[in-house]
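Trainee: Please show me the model. I would like to go through its helix packing with you.

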Amino acid sequence: MKSSHDFRSCHLCLRTVLKPTAILLLVMFLLPSAPLHAQGLKKVPFPFSPIGINCLPWFVAKESRIAEKNGIEFDPVFIGASAVLFQSMLSGAADFSGSGGPAIISNVLRGGDIIQITAMVPRFTQSVMIKPDIKRPEDMAGKKIGVSRLGTVTHFALQTAIDGYGVKGVTILQMGGQPEELAGLVRGSVDGAVVSPPYNFQLKKQGYNELVSPNDLQKLTEFITNGIVARRSVAEKDKDTVIRVIKLTAESIKLVQTDREFTKKVIMKWMPMKDPEMLEQVYRFATENYSKEGFVPEGALRSMTKQMVQSNLVDAKAAAATPVTAYYDNRYVEEVKRSGFFDQLWR
């Protein structure tokens with residue numbers, strides 16, 4: 001129990017300290033003079049969200065110095081909400097970030113130029129966790145289920161489950177974030193919550209039921225939970241940096257797969273937990289969910305756009321008039337693949 005409390009306390013502390021204004025200042029006013037070992041490296045501020053297993057390769061890139069090997073001074077910075085993360089990018093504070101999913105579609109339809117460059121996690125990693133006495137997806141009818149915010153990945157995961165199992169009468173409540181969802185479920189203010197690792201593992205250990213798993217959601221629809229996103233205008237002018245960030249991410253995924261002990265140390269540093277069993281579960285989950293190459297699946301963007309229209313999260317006419325290619329660009333991953341980099345990395 002103590003490990004669960006420690007993790008929530010750390011995450012809540014970060015969310016309290018890193019208010020949106022402070023986050024933007026942090027990204028925009030990074031120290032102007034790099035340390036001696038970093039001279040000559042390309043500085044790449046890299047806001048990401050959330051703190052969790054979906055962002056692990058970028059933590060590994062930072063801690064292993066893989067980024068420096070690729071000529072990048074890599075600076076992952078946690079930002080809590082995708083809206084604030086994208087604001088920081090559009091303001092010019094960062095050209096790349098770790099994000100994905102519905103936020104890309106909303107941004108493009110509102111006139112932004114932030115697109116998906118890779119799909120590092122091309123699937124749902126969320127679980128619908130529920131009170132122990134609720135046994136079937138159909139039993140969500142009439143229940144209150146918490147998500148972080150409407151329009152986020154947690155909301156999409158729940159809506160996919162509701163639609164896929166034909167459930168009616170579910171009340172969806174915005175909780176603010178996954179720590180708040182977990183707390184709400186434990187307190188009894190909601191009957192269920194949609195969370196990613198390690199929160200789902202914590203809840204399982206406390207006796208809660210995984211009503212819908214990531215594998216169940218994957219069978220229902222395509223999705224993109226996380227990946228590299230970039231401003232299209234910047235990527236077209238600075239292809240070299242895009243390629244380098246793709247490569248350092250792929251190399252970090254390989255290191256996750258091949259160096260268990262180092263990866264566990266990184267997990268413990270960025271996602272503090274003391275429970276060895278939970279740490280092993282998180283590590284195993286990490287080895288199973290990253291794409292080795294990161295091509296963006298067009299079908300996932302089509303599915304997400306359709307669901308956003310059905311949920312009235314975007315303007316239907318604007319979505320109909322926008323080609324799916326406006327949301328992503330696979331040219332950079334294709335170039336890395338043609339170079340033989342992936343074949344050499346994974347041989």
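Mentor: A few questions and answers on helices follow.
This is a predicted model, where local features need pLDDT of at least 70, side-chain atom pairs count only at pLDDT 80 or more, and totals for chains, interfaces and linings use all residues. Residues are numbered from 1 along each chain as its sequence is written, and side-chain values use heavy atoms, with hydrogens and water left out.

Trainee: How are H7 and H15 oriented to each other?
Mentor: H7 spans residues 153-165 and H15 residues 298-310. Helices are DSSP runs of H or I, at least four residues, numbered from the N terminus. Their axes, lines fitted to C-alpha atoms over the stretch in contact, come within 12 Å and cross at roughly 80°. Angles of 65 to 115 degrees count as roughly perpendicular, so H7 and H15 are roughly perpendicular.

Trainee: Which residues of H15 make the contact with H7?
Mentor: Contact means heavy atoms within 4.5 Å. H7 brings Phe 156, Gln 159, Thr 160 and Asp 163. From H15 come Met 304, Gln 307 and Met 308.

Trainee: At what angle do H6 and H15 pack?
Mentor: H6 covers residues 102-109. The two axes lie 10 Å apart. H6 and H15 are therefore roughly perpendicular, and the angle is about 70°.

Trainee: Which residues of H15 make the contact with H6?
Mentor: H6 contributes Pro 102, Ile 105 and Ser 106. The H15 side is Leu 301, Met 304, Thr 305 and Met 308.

Trainee: Which residue just after H8 takes a positive phi?
Mentor: H8 runs over residues 178-187. The phi is about 95°. The residue is Gly 188.

How values were computed: Buried means under 20% relative accessible area, exposed over 50%, partly exposed in between (1.4 Å probe, protein chains only). Helices (H or I, at least four residues) and strands (E, at least two) are DSSP runs, numbered from the N terminus. Axes are lines fitted to C-alpha atoms, for helices over the stretch in contact, and angles run from 0 to 180 degrees between N-to-C directions. Angles under 35 degrees count as roughly parallel, over 145 as roughly antiparallel, 65 to 115 as roughly perpendicular and the rest as oblique.
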